[in-house]
Amino acid sequence: MTLLIIGGSGFLGGELVRRAVAAGHAVTATYGTRPGSLAGADRLPLDIRRPEQLASAMDRLRPTTVINTASRAADWATTAEGAVRVAVAARRLDARLVHVSSDAVFSGGRVHYDESALPDPVTPYGAAKAAAETAIRVLVPAAVVVRTSLIIGDGGSPHERLVRELAAGRRDGALFTDDVRCPVHVADLARALLELAFSEHSGVRHVAGPDALSRYELGLLIARRDGLDPATVPAGRRADSGVPGALDVRLDSRRTRSALRTQVRGARAFLTATPGSDPELLEPPREL
């Protein structure tokens with residue numbers, strides 16, 4: 001079993017690498033400019049915007065499973081076209097494909113979105129993710145497209161860093177009280193992705209936490225966990241800010257959660273647990 005993790009030096013990719021190596025898989029992890037800490041995995045510089053580079057890497061590695069975590073905000077060449085190129089390469093090699101998407105594909109107009117909901121993005125990033133989803137589902141029907149939400153860890157995620165910078169006054173801005181998502185812990189998401197990768201599941205899957213929280217409510221939980229004064233966390237409203245994007249987007253993940261052995265915790269649970277605690281909620285992934 002050869003596993004290729006595209007975007008392996010990122011926050012989610014790094015967690016996937018660590019868990020896949022621990023499970024005994026032969027792992028190659030790609031990176032853009034900095035390889036990061038990828039102990040136990042082969043490292044490969046790769047720019048999925050360059051078709052010839054991607055084709056060469058795939059032909060050389062011939063992975064049996066590919067998990068694509070790579071995206072670059074509203075960069076269409078990476079987030080949309082690059083993801084489609086990965087899907088084409090995976091189909092050519094008959095490799096299992098898991099693609100990580102986002103709740104940004106939704107406008108928030110319906111608030112609650114199950115896995116049958118059609119994308120209606122309102123931002124360039126959401127449009128790029130939606131385009132990638134559509135192409136992948138046509139090109140590789142057996143692939144798994146995993147939509148997720150705000151990814152939180154034990155201190156290292158972008159949102160957690162933002163909370164600390166805002167609380168310390170090192171950054172201007174506020175956390176929105178009207179911007180609601182379903183945060184997921186990076187460890188739970190990584191376990192779920194690996195379980196899906198080594199399963200017969202296909203199609204769109206939602207993997208997000210069961211707790212719907214505003215970014216401000218989430219920030220308060222992070223501040224309390226980190227020993228910060230919650231009163232130092234500034235609040236605001238997206239509706240008043242002029243910042244584009246959906247307001248209330250809640251991924252309904254019940255169908256997928258009921259089908260997985262992995263337990264996906266809510267933010268209230270993992271942010272009030274002992275920092276760094278990581279109960280092993282999943283046996284090692286089984287091969288197809």
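## Surface and overall shape

The accessible surface of the chain in this predicted model is about 12300 Å², and carbon and sulfur atoms account for 51% of that area. Of the 288 residues, 51% count as buried.

The chain contains 10 helices and 15 strands. Its radius of gyration is 18 Å, close to the 19 Å given by the globule rule for 288 residues, so the chain is as compact as a globular protein of that length. Along the principal axes, the C-alpha atoms fill a box of roughly 55 × 40 × 35 Å. Among contacts with a separation of 6 or more, 76% are between residues 24 or more positions apart.

## Helices H5 and H7

Helix H5 covers residues 158-167 and helix H7 covers residues 215-225; their axes come within 10 Å and cross at roughly 75 degrees. An angle of 65 to 115 degrees counts as roughly perpendicular, and therefore H5 is roughly perpendicular to H7.

On the H5 side, the contact is made by His159, Glu160 and Val163. These meet Arg215, Leu218, Gly219, Ile222, Ala223 and Arg225 of H7. Sorted by class, the contact of H5 with H7 has 4 nonpolar, 2 polar and 3 charged residues.

Gly108 has a relative accessibility of 13%. Buried means under 20%, so Gly108 counts as buried. Leaving aside neighbours within four places in sequence, Gly108 is in contact with Tyr113, Ala246, Asp248 and Val249. The C-alpha atom of Gly108 is separated by 9.9 Å from that of Arg181, a residue 73 places away along the chain.

Val111 is partly exposed, with a relative accessible area of 21%. The phi of Val111 is positive, at about 70 degrees, although this residue is not a glycine.

## Ala73

Ala73 is also a non-glycine residue with a positive phi, in this case about 45 degrees. Ala73 is placed in the loop between strand S4 (65-68) and helix H3 (76-93). Exposed means over 50% relative accessible area; Ala73 has 52% and is therefore exposed.

Terms used:
Residues numbered from 1 in each chain as written. Predicted model: local features only at pLDDT ≥ 70, side-chain atom pairs only at ≥ 80, totals over all residues. Heavy atoms only, no water. Axes fitted to C-alpha atoms, helices over the stretch in contact; angles between N-to-C directions. Helix = DSSP H or I, 4+ residues; strand = E, 2+ residues; numbered from the N terminus. Parallel < 35°, antiparallel > 145°, perpendicular 65-115°, else oblique. Contact = heavy atoms within 4.5 Å. Nonpolar A, V, L, I, M, F, W, Y, C, P; charged D, E, K, R; others polar. Rg over C-alpha atoms; globule rule 2.2 N^0.38 Å. Buried < 20%, exposed > 50% of the residue type's maximum accessible area, 1.4 Å probe, protein only. Areas by Shrake-Rupley, 256 points an atom, 1.4 Å probe, with all protein chains shown as cover.
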